[in-house]
Amino acid sequence: EDYFRMVAHKAAYYTAVAPLRLGALLAGKTPPAAYEEGGLRLGTAFQIVDDVLNLEGGEAYGKERAGDLYEGKRTLILLRFLEEAPPEERARALALLALPREAKPEAEVGSLLERPLASRALAWAKAEAKRLQAEGLALLEAAFRNLPGKEALDHLRGLLAALVERRA
């Protein structure tokens, strides 16, 4: 719950809610409530995908692989991992996360990512992102129904889908 609240107040607003609302305001319209409701879901899905990409890495991602673990960030994936881990594995992961960045052994961080539990947590997070994306797009679709400019609307739909469907 804390993770979702943090993401809603940070990433979800600046990646989805604010741009949707600003678009309406610039067009001289009052933004419908669906822009916030749908935008929160899309923005949260965006952040979950960002966390997944951080762990999966890849040059296309453009950031350090597992940087969130080195920084000790509490992502949805990590929270799920810790929730499902046996007590000694959980204690080992928490001890690793508590170390300063420069003291975290690369091999230990790597082995944390290679555990089957980590794969299950990643798969679960990806499914959560897809669920939130579908909910967000459905909420927005109702608000988009009466907008003029089919070509612009199709472009907007594509942008909103791409917001979440990024690839490493």
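Modeller: Arg-131, for instance, is found in helix 7. Keep in mind that this is a predicted model, where local features need pLDDT of at least 70 and side-chain atom pairs count only at pLDDT 80 or more, while totals for chains, interfaces and linings use all residues. Residues are numbered from 1 along each chain as its sequence is written, and side-chain values use heavy atoms, with hydrogens and water left out.

Biologist: What makes up the pattern of the chain, read along the sequence?

Modeller: Reading along gives α-α-α-α-α-α-α-α.

Biologist: Why does Arg-131 count as partly exposed?

Modeller: Buried means under 20% relative accessible area, exposed over 50%, and partly exposed in between (1.4 Å probe, protein chains only). Arg-131 comes out at 35% relative accessibility, so it counts as partly exposed. Arg-131 is also 9.7 Å from Leu-42, C-alpha to C-alpha, though the two are 89 residues apart in sequence.

Biologist: What is the phi of Ala-66?

Modeller: Positive, at about 65°, although Ala-66 is not a glycine. Why mention it? Because most residues other than glycine have a negative phi.

Biologist: How do you know what counts as a cavity?

Modeller: On a 1 Å grid over the protein atoms alone, a cavity is a set of points where a 1.4 Å probe fits but cannot get out, and lining residues have an atom within 4 Å of a point. Grid points are joined across faces, edges and corners, and a volume is the space filled by probe spheres set on the points. Searching the whole structure turns up one cavity of 30 Å³ or more. The largest cavity holds about 80 Å³ of space.

Biologist: Which helix gives the most to the lining of the largest cavity?

Modeller: Helix 4 does, with three residues. Helix 4 (76-84), helix 6 (106-114) and helix 7 (116-144) each supply at least two. Among the lining residues are Ile-77, Phe-81 and Leu-112.

Terms used:
Helix = DSSP H or I, 4+ residues; strand = E, 2+ residues; numbered from the N terminus. 1 Å grid on protein atoms, 1.4 Å probe; cavity = no way out; pocket = protein on both sides within 12 Å on 5 of 7 lines; lining within 4 Å.
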